[in-house]
Amino acid sequence: AGHRLADAAHALRIRLGLEACFVMRGDLVRAAELARTAVATTSWDDDMRLALQSRWALANVQFHQGDWRSALAGFDECLANYDTGLHRRSGVQDPAVMCLGYSSWIHFELGHADEALRRIARMLALADELQHPFSTSVALGFAASLKRLCGDVDGAWPHAQEAVSVCERGGFQVWLAHAWMVRGQLRSDRGDFAGGDADLDRGYALWVGGGARISCATYLITRAELLLRQCRTGRAIGELAEAWQISEQIGEHHYQAELLRLQGLAAWQGGDLGGAEAVLHQSLALASSQDKPGLELRCALSLGALQAAQGRCAEAAIRLRGIFEEIGRAHV
C-alpha cells in the first residue's frame with residue numbers, strides 16, 4: 001500500500017509538472033484539466049504539499065483565464081493552509097510566494113491598491129525568511145511590477161534592479177525575462193526611453209524564445225502604453241493587435257479591458273474620435289462585466305478625458321463618481 005501511495009504521489013507530481021508546461025505554452029484548457037484532476041485527487045488531510053501545489057496550479061490557470069473569484073478563493077485557501085515547514089529548498093518555486101504575487105495583481109484590478117501592497121509586503125518578507133533565491137527573484141519581480149502599477153515608480157525601481165541581479169546570478173531565465181521587461185517599463189517611466197526599449201526588447205525576446213505564450217499579451221499591452229506616451233502610435237497599434245490575437249487564441253482574458261482601453265487611446269491619438277469613444281465604451285463595459293472596478297476606473301478615466309476634451313465634463317464626472325462609490329462600498 002505504501003508503494004502504491006508513493007507511486008501515485010510521484011505520478012501526480014509529474015502531471016503537475018506537465019500542467020506547468022502547458023501554462024507556459026498557453027494551453028490553458030489542458031492545464032486546467034490536469035489541475036482540476038490534481039485537486040480532485042488530493043486533500044489537505046492526506047498530503048499538505050500536494051494539496052497546496054494542486055490548488056495553487058488551478059488558481060493560477062483561473063487567474064489567467066480571467067476567473068478572478070475562483071482564482072482568489074484558491075490563492076487564499078492555499079495561504080490559509082501554508083506554513084514555512086511546507087517549503088522545500090530543493091523546490092523550484094514556493095507556492096505561497098506565487099499566491100501572494102498573483103493575488104496582489106487581482107486586488108489591483110479590483111481597485112484595492114492598499115491590499116495589493118500589503119500582499120506584496122508579505123511576499124517580500126516571506127521570501128526573505130525562506131532565503132530561497134528563486135522565490136526572491138519572483139517576489140522582487142512582482143513587487144516591482146505591482147508598485148509600478150500602483151504609481152510608485154521610485155519604490156518599484158530598486159526591486160527591479162535587484163530582481164535583474166538575482167536572476168542573472170541564479171540563471172533564472174524566465175524571471176530574468178520578466179525582470180528585464182519590468183525594468184524597461186520603469187526606465188521608460190523615468191524618461192530613459194532608449195534604455196527602456198532595450199530592456200523591453202531583450203526581455204520579451206528571452207520570454208518568447210523559450211516558447212512561452214502565457215503573459216505575452218500582458219507584456220505587449222504594457223509596452224503599447226509606453227509607446228502611446230511617446231506618440232509612437234503606429235507601433236503601439238501593432239503591439240495591441242498582436243496582444244489581442246494572442247489573448248483570444250489562448251483564452252487569457254484577465255487584462256483584456258486594459259487592452260481595449262489602450263486601443264481606444266490609440267484611436268484617439270490617431271484622430272479617430274468616434275472610434276476611440278466606441279472602443280473605450282467597450283473597455284468600460286468589459287471591466288464592469290468582469291466586476292473589476294479598478295480596471296473599470298482606469299477605463300472610465302480615459303473615456304472621461306476624451307469626453308472632457310469635447311466639453312462633456314458633466315457626463316464623465318457622473319460616471320466616475322459611481323465607480324468611486326462602488327470601490328468605496330467594497331471596502332466597507
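Buried means under 20% relative accessible area, exposed means over 50%, and partly exposed lies in between (1.4 Å probe, protein chains only). The model is predicted, so local features need pLDDT of at least 70 and side-chain atom pairs count only at pLDDT 80 or more, while totals for chains, interfaces and linings use all residues. Residues are numbered from 1 along each chain as its sequence is written, and side-chain values use heavy atoms, with hydrogens and water left out.

**Exercise 1.** Classify the aromatic pair of Phe 75 and Tyr 102, and state which helices hold the two residues.

Step 1. Rings of Phe, Tyr and Trp (its six-membered ring) pair if their centres lie within 6.5 Å; planes under 30 degrees apart are stacked, over 60 edge-to-face, and the rest tilted. By this rule the count is 10 aromatic pairs.

Step 2. For Phe 75 and Tyr 102 the centres are 6.3 Å apart and the planes 15° apart, which makes the pair stacked.

Step 3. Helices (H or I, at least four residues) and strands (E, at least two) are DSSP runs, numbered from the N terminus. Phe 75 belongs to helix H4 (residues 68-81) and Tyr 102 to helix H5 (residues 95-109), so the pair ties together parts 27 residues apart in sequence.

Step 4. Phe 75 counts as buried, at 0% relative accessibility; Tyr 102 also counts as buried, at 12%.

**Exercise 2.** Classify the aromatic pair of Trp 105 and Phe 108, and decide whether the two residues are buried or exposed.

Step 1. The centres are 6.3 Å apart with 75° between the planes, an edge-to-face pair.

Step 2. Both residues, Trp 105 and Phe 108, lie in helix H5, three residues apart, about one turn of the helix.

Step 3. Trp 105 and Phe 108 are both buried.
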